[in-house]
Amino acid sequence: MDLKLLDDLIAVAESKSLSAAAIRRNVTQPAFTRRLQSIEKALGIQVIKKGSKPARPSDTLLQNIDEIRTLAYSLRRLGHDLIDSASPDRNLAIAALHAIALAHLPEAMMRLNRILPLSRLRLHAANRDECFIGLMTGQVRIMIRL
């Protein structure tokens, strides 16, 4: 299963509505609905409660959301570990609050990469808690916040 599909399921469960989850995943609601229908078809389960207005996550999804989160985290961690193992001294991951990441860091990261060429420089824009979790779990090496 594609990691993006797991993120879609998490968004539905956490947002408690289809429209809020689509906004969170930065897609239109019709496109998001089609993605969820493809997940339902592939897994053979309901992701959205049928007949509920507004659309809500199914009980099956809510009962398994912790396992889905763990799986998504594990897949991300594995991907980062595989990349980092290729050349660990040439990789740098930075986590920052959304506003900082968008407004200030792109230019700073380009300058940093010119001064200290890295094979991989990653920026994670997230909320404070997600940044902290990334730092504590080793997904990022630096956290920038106000």
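Aspartate 8 is buried, with a relative accessible area of 0%. Here buried means under 20% relative accessible area, exposed over 50%, and partly exposed in between (1.4 Å probe, protein chains only). The model is predicted: local features need pLDDT of at least 70, side-chain atom pairs count only at pLDDT 80 or more, and totals for chains, interfaces and linings use all residues. Residues are numbered from 1 along each chain as its sequence is written, and side-chain values use heavy atoms, with hydrogens and water left out.

Aspartate 8 forms a salt bridge with arginine 35, and the closest N and O atoms are 2.8 Å apart. A salt bridge is a side-chain nitrogen of Lys or Arg within 4 Å of a carboxyl oxygen of Asp or Glu. This pair links distant parts of the chain, with aspartate 8 in helix 1 and arginine 35 in helix 3, 27 residues apart. Helices (H or I, at least four residues) and strands (E, at least two) are DSSP runs, numbered from the N terminus. Arginine 35 is partly exposed, at a relative accessible area of 25%.

The structure holds nine salt bridges. One of them pairs arginine 69 with glutamate 14, at 2.9 Å between the closest N and O atoms. Again distant parts of the chain are linked: arginine 69 lies in helix 4 and glutamate 14 in helix 1, 55 residues apart. Arginine 69 is partly exposed at 30% relative accessibility. Glutamate 14 is partly exposed at 36%.

Aspartate 59 and lysine 49 also meet in a salt bridge through their side chains (3.6 Å, N to O). Aspartate 59 lies in helix 4 and lysine 49 in the loop between helix 3 and helix 4, so the pair ties together parts ten residues apart in sequence. Aspartate 59 is partly exposed at 47% relative accessibility, and lysine 49 is partly exposed at 35%. Salt bridges with shared partners join Glu14, Arg24, Asp66 and Arg69 into one network.

The largest nonpolar core has 19 residues. Such a core is a set of buried Ala, Val, Leu, Ile, Met, Phe, Trp, Tyr and Cys residues joined through side-chain atoms within 4.5 Å. Val12, Phe32, Leu36, Val47, Ile48, Leu61 and Ile68 have the most contacts inside it. Two or more residues each come from helix 1 (3–15), helix 2 (18–24), helix 3 (29–43) and helix 4 (59–86). Helix 1 gives the largest share, six residues. Another core, of seven residues, lies apart from this one and includes Leu92, Ala96, Leu105 and Met109.
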